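Colleague: I am new to this structure. Please take me through a single part of it, slowly and closely.

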Amino acid sequence: SVITVDLADRPYEIHIEAGLLQNIATYLAPFARAGRFLVVSDENVAKHIWPGFHRQLSDANLAAEIFVLPAGEAGKSWLELEKLTDWLLEHHVERSDHIIALGGGVVGDITGFAAHIVKRGCSFIQIPTTLLAQVDSSVGGKTAINSRAGKNLVGAFHQPSVVLIDPEVLESLPRRQLAAGFAEVVKYGLIDDLEFFDWCETSLDAFFAGDASARQHAIEHSVKAKARIVAADERELNGTRALLNLGHTFGHALEADTGFSDRLFHGEAVAAGMVLAFRYSSKIGLCSADDANRAAQLLHNAGLPVTLADAGVSAHGAKLVDYMMHDKKMAGGKLPFLLAHGIGKTFLSKDVDLADVAAFLDSQLPAG
Ligand code: NAD
Ligand code: ZN
């Protein structure tokens, strides 16, 4: 299926099709008229996907070169950005060439940023290969690298020319990475879509078993939800886009406490963070304990952490709140929090009492 992201200045299409990568030359051919393809990937993805990808393009007489990043968050550094931009310039990249991000969110984020700054802006194509990148990071135009001060603090908005999603590429993705991406899928249900949350509950097993229609639906529905939110607030100005941060303020603290390491993936931190947001909402009387339990149960069934103990965090509430205050979303000394009146009924609250949040987090620590 094809979903259009309705941006005022330049709408673009997102194609979601099982087997798309087996026909990649057909999808890329319309763009070949304007320029060459410069592909950026990471060492894992390049190993799995590049040989077949490259063969298909050559068979169709389409020229492509590849730059390979180290896998993982280390790929999103200043050092790698310098190497990547040097490589693009050595290849005499022109604005009409297409820089393709073939990989997960790490590859997408740094490639989009490089495309934004090289020659003051080149065309950029996203081919996301993790569930997280397919349902979240490849849509919306946020690009970034990490710096000493923290993650994603240096970046730009740079929308892709097209996003090409093949659900079958997830077959080689490790189960734990798949679950981490699934947390962001469930997020769209929790934000404002009870019906989709119900579907996630019913289809969980089929999804993880690799059922093609469950995979297609989960991705399609999530991408539509994200595209709708992004179109309503492309540059995060009116608060709509903030809804996408459900679970991310708590999650950020958990990621910070575990050193942004493989001990806790981003999606895993978001899963536990969303449950904390629901449990806190329940504690202050906004939402029922049943709804908080239901959110926790689904994420737990997906194999995701839903408590501080599951997340491997034993820091005190005050310390966790301190991490939150160093997050970039803090404005004017106030931390905006996404809270819930129930599943599918979240809202942005600007007057959360941080001391109360710290006490709540202490109450969530495993006893002893
Ligand atoms: P990732 O890109 O590090 O990929 C996870 C791992 O899976 C890597 O080891 C990668 O090599 C491997 N991999 C990727 N595709 C594979 C495949 N098909 N088969 C086998 N292995 C595969 O991580 P991610 O979770 O995709 O992305 C996380 C990044 O995305 C973070 O840096 C985060 O900040 C960013 N992000 C950005 C946005 C945004 O809006 N721009 C949104 C959310 C997250
Ligand atoms: Zn996220």
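Modeller: Let us start with a turn. In this predicted model, β10 and β11 form a hairpin with two residues between them. Gly344 sits in that turn and has a positive phi of about 85 degrees. The two strands, β10 (residues 337–342) and β11 (residues 345–349), run antiparallel and are joined by five bridges. One pair to look for is Gly342, whose bridge partner in β11 is Lys345.

Next comes helix α12 (residues 317–325). Its buried residues are Gly317, Leu320, Val321 and Met324. They cover an arc of only 100 degrees around the axis, so they lie on the same side of α12. These buried residues pack against α9 (248–257) and α13 (354–364).

Now the ligand. Ligand 1 is surrounded by 29 residues, and the closest are Asn44, Gly104, Gly105, Thr130 and Ser137. Two or more residues of this shell come from each of α2 (43–59), α4 (105–117), α5 (131–137) and β8 (150–157). By class, the shell has eight nonpolar, 14 polar and seven charged residues.

Two residues deserve a stop. An unreviewed UniProt entry lists both Gly105 and Val106 under "binding site". Gly105 lies in helix α4. Gly105 counts as buried because it has 23 C-beta neighbours inside 10 Å. Beyond its neighbours within four places in sequence, Gly105 is in contact with Thr130, Leu132, Ala133 and Ser137. Val106 is also in helix α4. With 25 other C-beta atoms within 10 Å, Val106 is buried. Setting aside neighbours within four places in sequence, Val106 is in contact with Asp42, Gly72, Glu73, Gly75 and Lys76.

Definitions and conventions: Residues are numbered from 1 along each chain as its sequence is written. Chains are lettered from A and ligands numbered from 1 in the order in which they are written. This is a predicted model: local features need pLDDT of at least 70, side-chain atom pairs count only at pLDDT 80 or more; totals for chains, interfaces and linings use all residues. Two strands pair if DSSP finds at least two bridges between them. Helices (H or I, at least four residues) and strands (E, at least two) are DSSP runs, numbered from the N terminus. A residue is buried if 20 or more other C-beta atoms lie within 10 Å of its own, exposed if 12 or fewer, and partly exposed in between; C-beta atoms are placed from the backbone. The arc is that of the directions from the helix axis to the C-beta atoms. Two residues are in contact if their C-beta atoms, placed from the backbone, lie within 7 Å. A residue is near a molecule or strand if its C-beta atom, placed from the backbone, lies within 6 Å of it. Ala, Val, Leu, Ile, Met, Phe, Trp, Tyr, Cys and Pro count as nonpolar, Asp, Glu, Lys and Arg as charged, and the others, Gly among them, as polar. UniProt positions are given in the numbering used here, feature names are shortened, and annotations may be inferred rather than shown by experiment.
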